[in-house]
Amino acid sequence: MYFRMLWRAAVLRKGQAAAALAAVIVAAAAATAMLNLYVDVQTKLRKEFRKFGANIVVQARTGETLAPDAVQKIASTVGSRGLAVPFAYAVARTDKDQPIVVAGTDFAAARQLNPWWSVSAWPKSGDEALVGVRAATLLRQDSGAPFTLTFQGRRLNLSQAGTVHTGAGEDSRVYVSLQTFRAWTGIDPSVIEISASGSSQDIAATIRDLHDALPSADVRAVRQVTEGEANILGKTRSTLLWSSAFIVSIASLCVLATLMGWVFDRRRDFAIMKALGASDRLIAAFVSGEAAILGLTGGGIGFAAGFGIAEWIGRVNFHAPVAVRLNVLPAILIGCLAITLVATLLPLRLLRAIQPAMILRGE
Amino acid sequence: MFVRLVYESFRRQTRRKLLVAIAVTLGATVSTAMIGIATGIGDKISRELRTYGANLVVTPEEDTLDVQIGSVNLKPSGTGAYLDEAALPKIKGIFWRNNITAFAPELPVNVQVGREQITLLGTYFSKPLQFGRDTFTTGAEKAFPWWKVQGAWPTDDSDDVLVGEKLAANLRTSPGSNISIDGSPHRVSGILSTGGTEDEQVVAPLSLAQSLAGKPGAVRKIFVSAVTKPEDAFARRNPDSLNPADRDRWYCSPYPQSIAYQLREAIPHSHAEQIRQVAQNEGSILSRIKGIILLITLAALLTSGLAVSAAMATAMFERRTEVGLMKALGAGYFPLSMIYFTEALLLAVTGGVFGFFLGTLLARELGRAIFGSQIAVAPVLLPVIIGLAVAVTFAGSALAIRRAVKFDPVLALRGEA
């Protein structure tokens, strides 16, 4: 009997029921999409933040270099959490006996770590070098022209593959591949720059793991990068939180308005039920049942719709897939349920005061 | 008659009208606040991006090569070209002076501390400068916000120094003790922690570095932190190749390139360029965040519109007996709709105006709470918000009116609609 009444209520007033359901779906979809965005904003901005380069630096003590197996140890400790790039430095002399800093590194990794390097052409073979723009002017080289550098009596013939322009120290250096560097100078890398992903706790954990792996080295966070990121992320999340609060509250208002209207509209039906002997509690239970079903179905469909919207935002704005967060679903369902229950029970309390006879008379 | 009907409608059904008015006001508040945030977020985030530090650097025009590995500067002191310290205040005289949030000079000097050769950096900490009639303070404290000092910052005219934390650990110094620089003792006012090469160096006031180097008034580099507009294809063009109108447009846009151009004009014999690590990446972060906020604003506007429409439609639907009665009394579709649309218009305008003011207040407080500076809403938004409110209330009531008007008046009067 109970279910038949619920069913008939929905079928007979299709228009009103559909409008109420639509309102709940919109509210649930908005809430899901906002929640998804808020929780995931750090992941979404991660690609942009990592473009700033290394946020952890592993350095040997001044004047020393890291152990030869340090690079492998660090790469295995960092694993998939980030990218580790070794750098080795030495001061060589040009043909004109001018001092110049030469660095050896893994070009492919450096290119990924530092996307802001403006490089005209990356070296392809072992005897090609990447020359900073200031160094290139000093050496007065054109691309492809060969030049010689001397380190402790050992000469190295290089040809300039291209130039690198950064506006910082790289402009004054000559970069060669790590193998060429080591074969020429015998010096191991002294710095490993690491771009680690994750929240500030993840980065702190990575720093601890690195410290355990290499106790003799100095492992530090690059505060310029980590503090900048934390600041921007914090402010963006606050803005998103408030915006989400606005949207969810206004969507809830939509649900309240529609549902309250629907219940008021059916006051004649409730008056008849009362006149036939139903108690206030029974009517309240009936209405709550309707509200619960409405809330749960609307919430479920809204969650799916909201996830679709979040997925679309993810694809359009961030070109990144969005993870389904099922742990959000219970919160959404409870929220929808709460709103629908309040929206239906509130008018009922107001109607309770009025006698059925008055309602049936049409007042 | 028309006016009386509308007036009585408001007088007798105050509760119902009030509910709709509240819905319109809330919708307008949220819309105004979100549009305010969307238009202001770009500027606010641009300023927050300055925590990444300097995005422009000014160096002497003569091409000098840095010979530096980590914290050790291997270039013999005294060689190379310098900039003139006296030109520094002119930075606050360029066209985009209000976008320059801070700048700090740098002069590296190799000194003997105890038994070791280390590099000492001379800079401003928080130095008051004067340009024209403006006084302002600038220096490392503002330009490099991630520098942390345990102890106290030195004053710019003193001989006190900061010692980087790794160096301090090696030398076993603490704030208040003395270290010997090139033979003479200097007080360590604080220990500096930056996470960069400065941790192994000594940072001193510029005047001290200049006297140690024997080069009064010399500066090797100037780091400038400016609020810039992300560069695009137009920004990368050479200003000298543009026609006068385009050149003015280029000059008057705060691209990193145009600010660098103006810095070069202000400081004689200089070369200014962007520090790509900071300047390039801020643009992409800014556009991502602006994109997110724009999408959210659209969602907020849509939801507000739906909410107000729903409230309006519900209120209208409740009154179908009225509509039935008026139809039975002979009212046509047009006069009937006019009455209800007028009511909707009055509600929309009042709700819109109240909502606009509340929304402006909300945006301002939110800006203050999150960014420390208020977000302003342009007054031109008021007619836009009112227009939107009117459109949405009309849409909400139009549908309900049409449905109500189509009902057989007899059924409506009997209460069986």
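Which residues of α7(B) are buried? In this predicted model, local features are described only where pLDDT is at least 70 and side-chain atom pairs only at pLDDT 80 or more, whereas totals for chains, interfaces and linings use all residues. Residues are numbered from 1 along each chain as its sequence is written, and chains are lettered from A and ligands numbered from 1 in the order in which they are written.

The buried residues of α7(B) are P256(B), Q257(B), S258(B), I259(B), A260(B), Q262(B), L263(B) and A266(B). A residue is called buried if 20 or more other C-beta atoms lie within 10 Å of its own, exposed if 12 or fewer do, and partly exposed in between, with C-beta atoms placed from the backbone. Helices (H or I, at least four residues) and strands (E, at least two) are DSSP runs numbered from the N terminus. Because 8 of the 11 residues of helix α7 (residues 256-266) of chain B are buried, this helix is largely enclosed by the rest of the structure. Among the elements of chain B that cover these buried residues are β1 (56-60), β15 (221-226), α6 (244-251), β16 (270-274) and α8 (276-318).

Elsewhere in chain B, strand β13 (residues 202-205) pairs with strand β6 (residues 116-123) in the parallel sense over 4 bridges, and L120(B) stands opposite V202(B). Strand β10 (residues 161-164) of chain B is joined to β13(B) by 2 bridges and runs antiparallel to it, with L162(B) opposite V203(B). Two strands are said to pair if DSSP finds at least two bridges between them.

Chain A contains 12 helices and 10 strands, and 45% of its 363 residues count as buried. An automatic or database domain assignment divides chain A into domain 1 (2-47 + 231-360) and domain 2 (56-221), whose C-alpha centres lie 57 Å apart. The radius of gyration of chain A, taken over C-alpha atoms, is 33 Å, whereas a compact globule of 363 residues would have a value near 21 Å; the globule rule is 2.2 Å times the number of residues to the power 0.38.

The contact between the chains takes 56 residues from chain A and 58 residues from chain B, two residues being in contact if their C-beta atoms, placed from the backbone, lie within 7 Å. On the side of chain A that touches chain B, the largest share, 23 residues, comes from α8(A). The residues of this side divide into 28 nonpolar (Ala, Val, Leu, Ile, Met, Phe, Trp, Tyr, Cys and Pro), 9 charged (Asp, Glu, Lys and Arg) and 19 polar (the others, Gly among them).
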